[in-house]
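Please keep the structure in view while reading.

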Amino acid sequence: MTRRPLLRSLLLLVLLPVAALAATPQAALVEGTDYDVIQGGAPFAPVKGKVEVVEVFGYTCPHCAHFQPKVSAWARANAKTVNFIPMAAPFGGSWQPYAQAFYAAQVLGVVQKTHDAMFQALHTDGTLPLRNASPGEIAPFYARYGVDQAKFLATYEGADVAGRVEKASQFIRRSGVEGTPTLVVNGKYRVLGHDFDDVLRIADQLIARERDGKTR
């Protein structure tokens, strides 16, 4: 007696629930639960053919440190269709020095090399202070990535960084962002969600909405 029909039947029984699950459409987004509409919102730095997603974050924020590997992988996977912009929140206090450091790293062209490492230095290695950091304490971190310390300090205090800090502050205020990490899609939607996976699910659906040209 052949067993092939029996094996095929068993495989179908296993695969059918998986196929049915894959075919199940995602639940429709609910305004006020999944996202907020930003009245009069606008993208930060629009790029033709891509949907902008700004991540407002803080280096000293532990939630941002936990989100970073997940959102970084998500951004890489969606790079062809999404213009992903990390934006350090200059909320003052302990947030401010590291926000300025982020924009200084942008100006100096090392932010891609140092972004993940900064989270690790603060939250894993403890080699940088979470509170009351001075520019002089931060500069040696960037020196490890080839940045002259004097040049870092001059850039940190310079007009270019000040302008970037102010531009970020304006975007954050008009987008109604009050905490981190927060994703803002095309300047129109502030993503809510109850955990990181939910945040990215909502972002994916809002991105699809923007690409399809649908209204809310």
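This is a predicted model: local features need pLDDT of at least 70, side-chain atom pairs count only at pLDDT 80 or more; totals for chains, interfaces and linings use all residues.

Helices H3 and H7 pass each other in a right-handed crossing, their axes coming within 9 Å and crossing at roughly 115°. On the H3 side this meeting involves Gln96, Gln100, Tyr103, Ala104, Gln106 and Val107, and on the H7 side Asp160, Val161, Arg164, Val165 and Ala168. Sorted by class, the contact of H3 with H7 comprises 6 nonpolar, 3 polar and 2 charged residues.

Helix H3, which spans residues 95-108, also packs against helix H4, residues 111-125, and here the two axes come within 9 Å and cross at roughly 155°. Because angles over 145 degrees count as roughly antiparallel, H3 and H4 are described as roughly antiparallel to each other. The crossing in which H3 passes H4 is right-handed. From H3 the contact draws on Tyr98, Phe102, Ala105 and Gln106, while H4 contributes Val111, Thr114, His115, Met118 and Leu122. By class, this contact of H3 with H4 has 6 nonpolar and 3 polar residues, and no charged ones.

We turn next to the aromatic rings. The structure contains 15 aromatic pairs, one of which is formed by Phe44 and Phe171; the ring centres of these two residues are 5.5 Å apart and their planes stand at 75°, so the pair is edge-to-face.

Another edge-to-face pair is made by Trp74 and Phe84, with 6.3 Å from centre to centre and 75° between the planes. Since Trp74 lies in helix H2 (residues 62-77) and Phe84 in strand S3 (residues 82-88), this pair ties together parts that are 10 residues apart in sequence. Trp74, at 9% relative accessibility, counts as buried, but Phe84, at 21% relative accessibility, counts as partly exposed. The cut-off that separates these two descriptions is 20% relative accessible area, under which a residue is called buried.

His123 is located in helix H4 and, with a relative accessibility of 28%, counts as partly exposed. Its C-alpha lies 7.9 Å from that of Thr60, although His123 and Thr60 are 63 residues apart in sequence. When neighbours within four places in sequence are left aside, the residues in contact with His123 are Tyr59, Thr60, Cys61, Pro62, Ala65 and Leu130.

Asn186 is found in the loop between strand S4 (182-185) and strand S5 (189-191), and at 15% relative accessibility it counts as buried. With neighbours within four places in sequence again left aside, Asn186 is in contact with Ala42, Pro43, Val51, Glu52 and Glu210.

How values were computed:
Residues are numbered from 1 along each chain as its sequence is written. Side-chain values use heavy atoms; hydrogens and water are left out. Axes are lines fitted to C-alpha atoms, for helices over the stretch in contact, and angles run from 0 to 180 degrees between N-to-C directions. Helices (H or I, at least four residues) and strands (E, at least two) are DSSP runs, numbered from the N terminus. Angles under 35 degrees count as roughly parallel, over 145 as roughly antiparallel, 65 to 115 as roughly perpendicular and the rest as oblique. A crossing is left-handed if the near helix is turned anticlockwise from the far one by less than a right angle, and right-handed if clockwise. Contact means heavy atoms within 4.5 Å. Ala, Val, Leu, Ile, Met, Phe, Trp, Tyr, Cys and Pro count as nonpolar, Asp, Glu, Lys and Arg as charged, and the others, Gly among them, as polar. Rings of Phe, Tyr and Trp (its six-membered ring) pair if their centres lie within 6.5 Å; planes under 30 degrees apart count as stacked, over 60 as edge-to-face and the rest as tilted. Buried means under 20% relative accessible area, exposed over 50%, partly exposed in between (1.4 Å probe, protein chains only).
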